[in-house]
Amino acid sequence: NFLCQSISVLNPNKPITVEEGATLSDVVTKLQSCRIGGVLVVDDAGKLTGVFTERDCVQKVLGKGIDLATARVKDYMTKDPVSQPPDITTAYALNLMSHGGFRHL
C-alpha cells in the first residue's frame, strides 16, 4: 500500500535553493549551516537549472585548486536535473532513482 501512495506522504522538507551566481563558498556554507547534502540551483526567474551536492563538491571542486570565494555554482552544478511533481507514487520515485542512479529525490 505504501508504494502506491504519493511521495507527498513522506512530508519532505522545503528545498533549499541558491541562485546560479552564488559563490561556491556561499553554497558550501549553506550546506553546512542547514546540515543538508545538496541545494537546488535556480536562475534569476526562479527556474530550476541544476543541483549542487556534496558529491559535486568532492568530484568537481576539491583538490582542483578552485577558489571557492570567486567560483560560481553554475559552473560546477549538475545541470538539467530530472524533476517530478509531488503526486508521483513512491514506487515510481524509487524506480526513477534506481534507474537514474540518484541518491536523492
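**Note on the predicted model**

1. Within the protein chain, strand 1 has the highest confidence, at 98, and helix 3 (residues 90–100) the lowest, at a mean of 93. The score is pLDDT, the predictor's confidence in each residue, from 0 to 100. Over the protein chain the average pLDDT is 94, and 100% of the residues score at least 70. Helices (H or I, at least four residues) and strands (E, at least two) are DSSP runs, numbered from the N terminus.

2. This is a predicted model, in which local features need pLDDT of at least 70 and side-chain atom pairs count only at pLDDT 80 or more, while totals for chains, interfaces and linings use all residues. Residues are numbered from 1 along each chain as its sequence is written, and side-chain values use heavy atoms, with hydrogens and water left out.

3. Helix 3 has two sides. Thr-90, Ala-93, Leu-96 and Met-97 are buried (under 20% relative accessible area; exposed is over 50%, partly exposed in between, with a 1.4 Å probe and protein chains only). These residues lie on the same side of helix 3 because they cover an arc of only 125 degrees around the axis, taken from the directions from the helix axis to the C-beta atoms. Ser-98 and His-99, on the other side of helix 3, are exposed. Just after helix 3 comes Gly-101, with a positive phi of about 75 degrees.

4. Which residues other than glycine deserve a look for a positive phi? Most residues other than glycine have a negative phi. Asp-80 has a positive value, near 50 degrees; it lies in the loop between strand 4 (78–79) and helix 3 and is exposed, at 68% relative accessibility. Asn-11 also is not a glycine and has a positive phi of about 50 degrees. Asn-11 sits in the segment before strand 1 and is exposed, with a relative accessible area of 63%.

5. A nonpolar patch on the surface is formed by Phe-2, Leu-3, Val-9, Leu-10 and Leu-94, with about 460 Å² of accessible area together. Areas come from the Shrake-Rupley method with a 1.4 Å probe, and for residues only the protein chains shown count as cover. Phe-2 belongs to the segment before strand 1 (17–19) and is partly exposed, at 43%.

6. Ser-6 is found in the segment before strand 1 and is buried, at 19% relative accessibility.

Note on methods:
Patch = residues over 30% accessible without salt bridge, like charges linked within 9 Å, V, L, I, M, F, W, Y side chains within 5 Å. Salt bridge = Lys/Arg side-chain N within 4 Å of Asp/Glu carboxyl O.
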